[in-house]
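Here is a friendly briefing to read alongside the model. Take a look at the structure first, and then we can walk through it topic by topic.

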Amino acid sequence: MAARVGVVTFPGSLDDRDASRALRLVGAEAVALWHKDRDLHGVDAVVLPGGFSYGDYLRCGAISRFSPVMGSVVEAAAAGLPVLGICNGFQILCESHLLPGALTRNDTLHFVCRDQRLRVESTGTAWTSDFTVGDEIVVPLKNGEGGYVADERTLDELEAQGRVVARYVGGNPNGSRRDIAGIANAAGNVVGLMPHPEHAVESLTGPSTDGLAFFTSILATLVGM
Amino acid sequence: MARVVVDVMLKPEILDPQGKAVHGALDRLGFAGVTGVRQGKRFEIEVDGPADDDLAARADQMAQTLLANLVIEDYAVRVEA
């Protein structure tokens, strides 16, 4: 039976369709989840997609954090459910305290939209096991508030525990501390990523197909669970 | 009816690019002597009931739970009658 991966739609989500498509391309069943529905419908993993949920009002992800579906996601993630937050999804994971730190306005003040080179730094997560440490990949990056910040102690801890998942290469686009593009929780089931692997899954529309490995990784993880 | 005012500011060590842009604009407009600008948020919350310690405590909870992200922001609560 195909792995069932939920993709949450919040009011203002943009990339839920692309995330679902990426999941289908690797052979998973994409299950649409709704922000007002607490029920996760028995999915094996969850993707929180990019966009501008609740209009980015207050702070990016601050309102989404308290949506009914997130109550269930936070609970399930603590019990080991794999969760990938992309862009706005990463912001929601930080606001939910599933991941440490916060995402702040780009230091350039400009919205960044470009194909971004990344280096994969950790393959010990549910979403990166199909990579090799040191792999350089190119996926789209598009954000206005993607500057990752955390205090020095937290940053040191992330580095020491191998929880920096990906780093920007060839220039830091948004002022993220230590060029961090993505991080994981201590258990490795929750990953937040500012760039968009779901936009790099087909050569027709993406700069590469490098993003596919995030989605094949979760399938491999679920088979092994 | 009581009113609570909550001010939320980025912590001093967090870069505030918006404040820097405002600072630059003030300079360009010829306002001399500006040495720094930090931009924050102000919430004015109308509440039923008296302006008492209980309200102050509830407002503090609102700030901690939702209005401020304590990873990057500080807040100050003020209860007005």
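Strand 1 (residues 4-9) and strand 3 (residues 45-48) of chain A run parallel and are joined by three bridges. This is a predicted model, where local features need pLDDT of at least 70, side-chain atom pairs count only at pLDDT 80 or more, and totals for chains, interfaces and linings use all residues. Residues are numbered from 1 along each chain as its sequence is written, while chains are lettered from A and ligands numbered from 1 in the order in which they are written.

**The sheet**
- A:V7 has A:V47 in strand 3 of chain A as its bridge partner; strands (E, at least two residues) and helices (H or I, at least four) are DSSP runs numbered from the N terminus.
- The open sheet has nine strands in the order 2-1-3-4-11-10-9-6-7 (chain A), with mixed pairing, where two strands pair if DSSP finds at least two bridges between them.
- Strand 2 (29-34) and strand 7 (136-143) of chain A are the edge strands, each pairing on one side only.

**The cores**
- The largest nonpolar core has 73 residues, and A:V5, A:V46, A:V83 and A:L193 have the most contacts inside it.
- Such a core is a set of buried Ala, Val, Leu, Ile, Met, Phe, Trp, Tyr and Cys residues joined through C-beta atoms within 7 Å; buried means 20 or more other C-beta atoms within 10 Å of a residue's own, with C-beta atoms placed from the backbone.
- Helix 5 (residues 212-224) of chain A gives the most to this core, with five residues.

**Where the chains meet**
- Nine residues of chain B are in contact with 11 residues of chain A, contact being C-beta atoms, placed from the backbone, within 7 Å.
- Helix 1 (residues 17-28) of chain B supplies three residues, the largest share of the side of chain B that touches chain A.

Notes. Two residues are in contact if their C-beta atoms, placed from the backbone, lie within 7 Å. A residue is buried if 20 or more other C-beta atoms lie within 10 Å of its own, exposed if 12 or fewer, and partly exposed in between; C-beta atoms are placed from the backbone.
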